[in-house]
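Hi,

Here is the structure I promised to pass on.

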Amino acid sequence: QVQLVESGGGLVQAGGSLRLSCATSRRLNDRFLMGWFRQAPGKEREFLAAVRWIDGTTHYADSVKGRFTISGDNAKNTVYLQMMSLKPEDTAVYYCATGLPQPIDSEREYAFWGQGTQVTVSS
């Protein structure tokens, strides 16, 4: 079983930054992608960004492009989400996931999920 563990969430003031980490037990396949999603109370889960292990290709949702950066460290089997200029509307539980999704932003196409980490942005 592949295990994903998110960390780095917490409370931050608006305009601040956080760096989330997702540690994986192992990579099933170098062709797999790692994705970040978030879900706020009462809202649907939202795709944020993804990176492909094999070549580092990245993809971003329009809503976070320019503020969030996804990256991976192959040696550590860890993926990061650097979040800048945080806003109160960024408050949500953030999840990482892995799989071979088609399309890349479809949550149903990701096979494995972490437990989530809470991010709260105060005014």
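**Rings and an arginine**

Arg-45 sits over the face of Tyr-95, 4.2 Å from the ring centre; I count a charge as over a ring if NZ of Lys or CZ of Arg is within 6 Å of the ring centre and within 35 degrees of the ring normal. Arg-45 also lies over the face of Trp-113, at 4.8 Å from the ring centre.

Before going on: this is a predicted model, where local features need pLDDT of at least 70, side-chain atom pairs count only at pLDDT 80 or more, and totals for chains, interfaces and linings use all residues. Residues are numbered from 1 along each chain as its sequence is written, and side-chain values use heavy atoms, with hydrogens and water left out.

Back to the rings. There are five aromatic pairs in the structure (ring centres of Phe, Tyr or Trp, the latter by its six-membered ring, within 6.5 Å; planes under 30 degrees apart are stacked, over 60 edge-to-face, the rest tilted). Phe-37 and Trp-113 make a tilted pair, 4.9 Å centre to centre with 50° between the planes. Since Phe-37 is in strand S4 and Trp-113 in strand S10 (residues 110–113), the pair ties together parts 76 residues apart in sequence; strands here are DSSP runs of E, at least two residues, numbered from the N terminus. Tyr-110 and Trp-113 are edge-to-face, with centres 6.2 Å apart and planes at 65°. Ring pairs link Phe-37, Phe-47, Tyr-95, Tyr-110 and Trp-113 into a cluster.

Phe-37 is buried at 1% relative accessibility and Tyr-110 at 4%, whereas Trp-113 is partly exposed at 27% (buried is under 20% relative accessible area, exposed over 50%, partly exposed in between; 1.4 Å probe, protein chains only).

S7 (residues 68–73) and S8 (residues 78–83) run antiparallel, joined by six bridges (pairing takes at least two DSSP bridges). They form a hairpin with four residues between the strands, and Asn-77 in the turn has a positive phi of about 50°. Ile-70 stands opposite Leu-81 in S8.

Val-51, in strand S5, is buried at 6% relative accessibility. Beyond its neighbours within four places in sequence, Val-51 has contacts including Phe-32, Met-34, Ile-70 and Val-79 (contact is heavy atoms within 4.5 Å). Met-83, with those neighbours likewise set aside, touches residues including Leu-18, Leu-20, Phe-68, Tyr-94 and Val-119.

Cheers
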